[in-house]
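Have a look at the sequence and the structure below. Then try each question yourself before you read the reply.

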Amino acid sequence: MAHATIYMGCTVPQLLRGAQSRIFPSHSPLGVLRHSAFCYCTGNGTIKSKRKMDHLERTANNFRQEVITQAKVCGITNESETVKRLRLAIANKDFTFKAGQWVDFFIPGVSVVGGFSICSSPSLLEREGILELAVKHTVHPPAHWIHTECTLDSEVALRVGDLHGYQEGKGNRHKLGTAKLYYSAKNTSEFLFKKNILGLMKAFPGKITCCFHVTQQRSQISKELQPHITEGRISEKDLEKHVSNDTSWYICGPPPMIESISKLLTNIGVPRNRVFFEKWW
């Protein structure tokens, strides 16, 4: 039976201590990251924060690569009114990632560590040494820095983290049959990479499909998007028709959305070990 995929939307202290002397020498411009990264850590290696559930706390039990690498901003573009695409040049050949992973994002002088989904392909990193992030503007310090202070040639540091599932994966490898994307945003201007998505749908008819959900659309919708638009949030009715033993579910979005969709999937009978999501704030 063909496999279907639905898309929606080593402890930290030890890793940082082990890598800091190699990656951040005292003369490096990123040396200040040593303080930024360790301000969370007490003498016994626990993580503390006065705020509730920052990115490092939320993902403390997730596996990280040992490599922390420097990166330089080589491109900044506006994908929408609230989202910037960041292009990062990476010289370290040991830095790699797989599709679906995210990065810890260290900023000199900013004590809060960010967590952002990688929106470029591993092949772009292999060919050009470039990694891309799409970051929505919020008051969260790393996102705020990207939108208000980040410039070309700004230096940061990255570390790759793994996709998290309800059940850590033994043999969850499946041959891709079809992929259905449910993409929800306030309005169509907030749909990132919509031209790429529509192009994939045309290139793989019946194999890749997308339903765009809008919740506060005020302007006219373009002709190319109209056939794929649904008004309102992603609902139980939308998803229940895809429930089967051969379907895997991937969720990406802010924590409240992830929690809401996870509960919805449980309610319609999706096994917990078939649901995968990121914990990136």
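Predicted model: local features only at pLDDT ≥ 70, side-chain atom pairs only at ≥ 80, totals over all residues.

Q: In what order do the six strands of the open sheet stand?
A: The strands pair in an antiparallel way. From one strand to the next, the twist averages 40 degrees. The order is β5-β4-β7-β2-β3-β6.

Q: Which strands stand at the edges of the sheet?
A: An edge strand has a single partner strand, so one side of it is left without a neighbour in the sheet. In the order β5-β4-β7-β2-β3-β6, look at the two ends. The edge strands are β5 (114–117) and β6.

Q: How many bridges join β3 to β6?
A: These two strands run antiparallel. The number of bridges joining β3 to β6 is seven.

Q: What angle does the direction of α5 make with that of β6?
A: Helix α5 packs on the sheet. It touches β3, β4, β5, β6 and β7. Its direction and that of β6 make an angle of about 105 degrees.

Q: Which residue forms a salt bridge with R85?
A: Side chains of opposite charge can pair when their charged atoms come close. Here the closest N and O atoms are 2.7 Å apart. The pair links strand β3 with strand β6, across 47 residues of the chain. The partner of R85 is E132.

Q: Is R87 buried, partly exposed or exposed?
A: R87 meets E132 in a salt bridge, with 2.5 Å from N to O. E132 lies in β6 and R87 in β3, so the pair ties together parts 45 residues apart in sequence. E132 has a relative accessible area of 6%, so it is buried. R87 has 26% relative accessibility, so it counts as partly exposed.

Q: Which residue forms a salt bridge with R159?
A: The closest N and O atoms of this pair are 2.8 Å apart. R159 lies in β7 and its partner in β4, so the bridge ties together parts that are 55 residues apart in sequence. Both residues are buried. The partner is D104.

Q: How many residues does the largest nonpolar core have?
A: Those with the most contacts inside it are L88, F105, L131, L133 and L158. β2 (69–78), β3 (83–89), β4 (102–106), β6 (130–136), α5 (141–148) and β7 (155–161) each supply at least two of its residues. Apart from it lies another core, of 15 residues, among them V83, A185, I197 and F212. The largest core has 24 residues.

Q: Is Q101 buried or exposed?
A: Q101 sits in the loop between β3 and β4. Residues it touches include Q65, S117, V160 and E278. A polar atom of its side chain lies 2.6 Å from the backbone nitrogen of K98. The relative accessible area of Q101 is 8%, so Q101 is buried.

Methods:
Residues numbered from 1 in each chain as written. Heavy atoms only, no water. Core = buried A, V, L, I, M, F, W, Y, C linked by side-chain atoms within 4.5 Å. Buried < 20%, exposed > 50% of the residue type's maximum accessible area, 1.4 Å probe, protein only. Helix = DSSP H or I, 4+ residues; strand = E, 2+ residues; numbered from the N terminus. Salt bridge = Lys/Arg side-chain N within 4 Å of Asp/Glu carboxyl O. Pairing = 2+ DSSP bridges. Axes fitted to C-alpha atoms, helices over the stretch in contact; angles between N-to-C directions. Contact = heavy atoms within 4.5 Å. Polar contact = N/O pair within 3.5 Å; in protein donor to acceptor, adjacent residues only side chain to side chain. Lists of a residue's contacts leave out its neighbours within four places in sequence.
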